[in-house]
Amino acid sequence: MSLTAMTLLQQFVLLLAALALFLSFVLLAQPRLVAAIHVFAWQGGLVAAVTLTVAMAGDASHLYFSALLTFGLKALLIPWMLHRLTRRLGLARHTETLTRPALVIMAAVVLVIFSYWVVVPMVAQGLAFTRNIIAVSLAVVLIGLLMMVFRQQAVAQVLGFMSMENGLFLAAVSATAGMPLVVELGVAFDVLVAMVLFGVFFFQIRESIDSLDVDRLNRLTETNEVEGAS
Amino acid sequence: MGTPGRPRGSLERLERGLCPSYAGGAPRMSALMLTLLAPLIGGVALILTRAPGPAGWLNLGVSALTFGGAIWLALSVGLQGSLEGAGFRVDAFNVYLVVLTAFVGMTTSIFSRPYMRHVCASGRISTGSLRIYHGMYQAFMLTMLVALTTDNLGVLWVAVEGATLATVLLVSLYRTPEAVEAAWKYFILCGVGIALALFGTVLTYFASQHVVQDPDAGLTWSVLYANAHALDPTVMRIAFVFLLVGYGTKVGLVPMHQWLPDAHSEGPTPMSAVLSGLLLNVALYAVVRLKMLVDGSLAETATPHLAGSLLMGFGLVSFVVAGLFLHRQRDIKRMFSYSSIEHMGLMTFAFGLGGPLATFGALLHMLVHSLTKSAIFVTVGHATHIAGTQAIDRIRGLIRTQPAVGWSLLIGVTAIAGFPPFGVFTSEFLLLTATMQSYPWLTVVLLSGLVVAFAGLFRHLHPMVYGTAPEGQQPVQANMLPVLLHLGLVLWLGLAIPSFLAAWLDSATQLITGSHLL
């Protein structure tokens, strides 16, 4: 995977993608909720920038539209919705206590190595660039997953979910020059609806357990007594 | 989302795509449009309907209309061959699932009308929640039908994710802490799973770009299937792992099944019936379609059966683990959701086994399992209203209180446990025969799994239907028509599979495996 074998443009895309991966790490270990939302917005902006770069280089006009869509959705709308929700839920100054942050960062590093290991067999494709970009986006996806497992706060889990989506967008745009437009619109629609529903659930969860600490949602286990009717 | 728009400049391709079937193509397309537009328009109308009484009837009417469209579509596919164009593809395999989906959707809406009125009257939900319920019911039907009929792997993903979004609010409909917890778990687990499936879809698209020239056709299943041999096997192998884990989460394969018992037990019972009877099938359908692509791509490599082996492994583990978990359940709906996992595991195993006999058996099993399981959930809904609880320990003497419900539960469980003369017996027999042919030693595992599951169901069932009823237990107003219809059909399929259905399933088998059984 010699980096110098790539064109300047590919190196630039890879740089942006690597920055997005770096922001995944920041997101993972950021205890302050509002700061985490800002980091997420920056990550969305980076994904939009990657899309724009690919669009300008590859002369793929529909990618301009999807760059705009990504920027509007991931860098503006969703962070704004999350901001508003945290304010309405009184979580603007919320700081989560993280247990063993160093260990989790190490786990994330292992995930990055794992992602590179997964793409090793793709030698036949011969393209250093695609292999790198797929590995980086897979790492972003997996770190988002790790964040959902590791963070106990519902809003932080949603941030993990959304950064997984960022990783997916990154893969779709840079490895394949964008999905067909129908699919892209459908995915964006689903993400938006999911965000609205997450908002609804924040209130339902708070109503039911008086907090957004999802760890306290532990009534359903295999051995519990059953109560109530349906 | 209802009518996935066409990609840019696709009008000529649309025309071309329609051409092969254009002899009478317009009326055939309108059958499909009726099937898809009925739930779309009906869902919007139901969100706007304030009165709870008419809403139930409207829901029923819309579902019946959808079923009519599905029958029309099936007739046209049966008589004139598969229908392709405008981003849709309807062939023998998916049209049979379309009919099944629309049918179970319709019968469940018959049950749901009085059931939800009872729930609403008892003050557990407001009329506003009832509006959400009806709207989301139709939205769910729409996403299922789009997922089945679309030819585009990306749209398939969008529709399956849409199904999660449509049902997640229904799981938390009762707003109890348990219901909210179940819904959150469902949302997060399925969201993560389906995100991994999207990564697999992106990888598939990446592989197709080196083969398919037109980027807009790069995710079209028919095009990919025609070029499957040229897809890069390394990429497809990695992609399939992601796709299997992703869609497998929705199938309820162990160990990604955690959401399923919770969502089934905490949501309203009509929802459990359609989740178990339809959603799991559609997710499995997606897995089978993708397996067909991967099989084509890996045919020339050292591991041609990789996809099949993975399915067999996941299926067998789910089958055995769910059978064991059946024993320790205390909630009646949880118990039957584990039974669903068990049967989905069996089908996954059979599709993994491949070959015409196993595939035919799996298709038949999909059909009879959906019919039986949704009938059981309908009966369970009535039983929990009679007993006023979902706790197995406190549901007693159903036959004495209300014979119709008690006997239906008994017969339904007998059918799902695989006793003759019901259809589940036929399909399980076919599956065991197929296993005996290729992996004789696995029949031991399958048979003991079936026995364990049978014991798990009957040890709980016996005191619930027999036994003495607690004092003051009153019968409830129950509409047993859906149960009668479903169990009657399952009995019919067990006694004699009608020749048209056998031919239909056979042509689906031919599509999937490339060879006929009959």
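User: Before we start, what counts as buried, exposed or partly exposed here?

Analyst: A residue is buried if 20 or more other C-beta atoms lie within 10 Å of its own, exposed if 12 or fewer, and partly exposed in between. Keep in mind that this is a predicted model.

User: OK, so where does B:Arg175 fall, buried, exposed or partly exposed?

Analyst: B:Arg175 has 16 other C-beta atoms within 10 Å, so it is partly exposed. You'll find B:Arg175 in the loop between α6 and α7 (177–209) of chain B.

User: And what's its phi?

Analyst: Phi of B:Arg175 is near 60°, which is positive, and the residue is not a glycine. Most residues other than glycine have a negative phi.

User: What about A:Arg100, buried or exposed?

Analyst: A:Arg100 is exposed, because it has 10 other C-beta atoms within 10 Å. Its phi is positive too, about 50°, and A:Arg100 sits in the loop between α3 (61–88) and α4 (101–119) of chain A.

User: Switching topic. How many residues do the two chains put into contact?

Analyst: On chain A 45 residues are in contact with 53 residues of chain B. Elements giving two or more residues to chain A's side are α5 (128–150), α6 (154–176) and α7 (181–209). The largest share of that side, 15 residues, comes from α7(A).

User: What's that side made of, by class?

Analyst: Chain A's side has 32 nonpolar residues, plus nine polar and four charged ones.

User: How does α7(A) pack against α6(B)?

Analyst: Their axes are 9 Å apart and the angle is about 15°. The cut-off for roughly parallel is under 35 degrees, so α7(A) and α6(B) count as roughly parallel to each other. Their crossing is left-handed.

User: Which residues make that contact?

Analyst: From α7(A), they include A:Val183, A:Val187, A:Asp190 and A:Leu197. From α6(B), B:Val158, B:Glu161 and B:Leu165 are among them. By class, this helix contact has eleven nonpolar, three polar and two charged residues.

User: Now chain B as a whole. How many helices and strands?

Analyst: Chain B has 20 helices and two strands. Its radius of gyration is 22 Å, close to the 24 Å that the globule rule gives for 518 residues, so chain B is as compact as a globular protein of that length. Of those 518 residues, 62% count as buried.

Key:
Residues numbered from 1 in each chain as written. Chains lettered and ligands numbered in written order. Predicted model: local features only at pLDDT ≥ 70, side-chain atom pairs only at ≥ 80, totals over all residues. Contact = placed C-beta atoms within 7 Å. Helix = DSSP H or I, 4+ residues; strand = E, 2+ residues; numbered from the N terminus. Nonpolar A, V, L, I, M, F, W, Y, C, P; charged D, E, K, R; others polar. Axes fitted to C-alpha atoms, helices over the stretch in contact; angles between N-to-C directions. Parallel < 35°, antiparallel > 145°, perpendicular 65-115°, else oblique. Left-handed = near helix turned anticlockwise from the far one by under 90°. Rg over C-alpha atoms; globule rule 2.2 N^0.38 Å.
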